[in-house]
Amino acid sequence: MSKTLFKYIFWDLLRIFMLTNGALSGIMSFAGLLRPLTQNGLDAGQVGRLLAYFTPSMMAYSFPIAALFSATVVYGRMNADTEILACRAGGISHFAIALPALVLGLVVAMVSLAFLCFIVPAFTLKVEKVMFSNISQFVANKIERNHQIKFGTSTTVFAQRAETIPPDPAEPFVQRVVLEGPTIITYDKGGDKNNPGVRIPDEFWMADKATLHIRTDANGDNAEMTAALDGGMKFPRRAIAGWEGGVSQTQFGPMPFGSFLREDTKFMDITRLKELEADKSKSKKISDLKRQFVEDDQEDLYLKLVEDGLKSPQRLYVFRAGADVYYVSVAGTERVERKGVRLVIEGPSAAGRTAHVAQERNGVPTLDVSAGEVRIRARADASGENMNVTLEIANLLLHEPEGDVARAAISQGFTVPMPAALRALNNATPQAYASADPNAPDTRHRMMREIIVLRNDIASELHTRAAFAFSCLILTMIGCALGMMFKSGNFLSAMALSFGPAMLCIMFVIAGQRTCGNIPTKFWLATDPLRLGLSLVWTGNAMVGSLAVALMWRLQRQ
């Protein structure tokens, strides 16, 4: 084939490809706005940024269709104008005529692979960050639509209405939402052992009105939520003798919940995927899960230390919180036992106040209480290496210089340093919390499953990107063959028919990716779907590629 003929066909292919790609990416970018507009609520600035960030991703996703369309149209037009017949009469084979399409397919495949490996993940992440940048509006929209929103797995906020407050310039990283008729529910970490998917409520917070203060870092991550309750009260799911938590105004939190933007392999470029493939512990999701398990163990061990102290001959445990020192002691007739995430001290009778709590500040006594019930809750802060302790004291007698005062309940909160043995748990690896043994604890199963899911997601993402890019070449050749096969006036039919192979490729790629990540909860009873999923990812390309080779061979034999 002469250079003139090659350039004539190639530039025609490239022109149609660019026009089609531009039109498709524009349509797909506007279509991509539907979900964030309807679910998150966006202002004009966010819409503009989303359109800009959607465009590179949609360009990459429309490459196969645009390449197929351009090849079908160009070669169909050449066939309709008898240009293919003229080339054949001049001794040019169908393979030579298809050479410009092959070059275009190779170029588009390489550009597509570069986009999918580096550009698309970066811009997809930017899209998600824009969608969740206005957290207060996101929370308000969720409340208005569903009357509830979940912060992590341990807290759910219900409300009748929600309204955002304009940000304070003095606090640029704090967003505020006012809730009417809010109810905040925290859940027991242990859950229901007989039904692992069921969450068990632990505490309830109710108020007439609440203001949520959501604080993030400069990158919009590491968020924590604090709720200022107006006319609120707090009460536990399990009744405490004499406990009434109603107060005119109180506070819930601060409660860290990370970010609504979750780690996903689709946001990672090829370098990050290879890094995680070599070391799963660098995954934020895996490290956060490990931290959760470490903190759970630290809380359990700390309450065991307190329980051992109260059951020792001294029947005393001392909490040293800087200048404050708290003494909790028992007479020996009380029941000291774990109930969920709390260590509970219960007197021998409803009228007995045999438990004793005292506080000193800089050596000066500031609190002296006899109580019928004391509940001790410890929350670990692994990063700060501290334990946040709460003493819920009910059915108490407050000893004051003026005389004893009976009170229904009080609550004391303080922070103490974490013992060295508990701090050592921070050095544990995720693999230490992972096990495929059916008899292992649920936490070990959960970590192992997350590691398997991450491994499969990384493998499927790498293969999906390669298969999607390779489909550009295959579909270009399919379009070329179909365009040359159909006679005058039928190239539109060829174009419509060529979309079948395109849908086949995309369908198998998506099915394979979904299959790879479909790991059951009891994964040890099932076969790892990774091989099947990767086979499906490439099956569409194999089928369409075989069809392209068969069509080109048939054309060459004519």
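Reply: **Cysteines, rings and a pocket**

C117 takes part in none, and its nearest cysteine sulfur, in C472, is 12 Å away. For C516, the closest cysteine sulfur is that of C117, at 17 Å, which is too far for a bond. C117 is buried at 10% relative accessibility, and C516 is buried at 0%; the cut-offs, with a 1.4 Å probe and protein chains only, are under 20% relative accessible area for buried, over 50% for exposed, and partly exposed in between.

The model is predicted, so local features need pLDDT of at least 70 and side-chain atom pairs pLDDT 80 or more, while totals for chains, interfaces and linings use all residues. Residues are numbered from 1 along each chain as its sequence is written, and side-chain values use heavy atoms, without hydrogens or water.

The structure has 15 aromatic pairs, defined by ring centres of Phe, Tyr or Trp (its six-membered ring) within 6.5 Å, with planes under 30 degrees apart stacked, over 60 edge-to-face and the rest tilted. In one of them, Y53 and F123 are tilted, 6.0 Å centre to centre with 55° between the planes. Y53 belongs to helix α3 (residues 44–80) and F123 to helix α6 (residues 99–131), so this pair ties together parts 70 residues apart in sequence. Helices (H or I, at least four residues) and strands (E, at least two) are DSSP runs numbered from the N terminus. F123 is partly exposed, at 23% relative accessible area.

Y302 and F319 also form a tilted pair, at 6.4 Å and 50°. Here helix α9 (residues 284–311) holds Y302 and strand β11 (residues 316–321) holds F319, so parts 17 residues apart in sequence are tied together. Both Y302 and F319 are buried.

A pocket here is an open set of points on a 1 Å grid where a 1.4 Å probe fits, with protein on both sides within 12 Å along at least five of seven lines, and lining residues have an atom within 4 Å of a point. There are 40 lining residues, and those closest to the centre are Y61, K266, E461, Q513 and R514. α11 gives the largest share of the lining, nine residues. Among the other helices that each supply at least two are α1 (3–32), α3, α6, α9 and α12 (491–516).

Methods: Disulfide = S-S within 2.5 Å.
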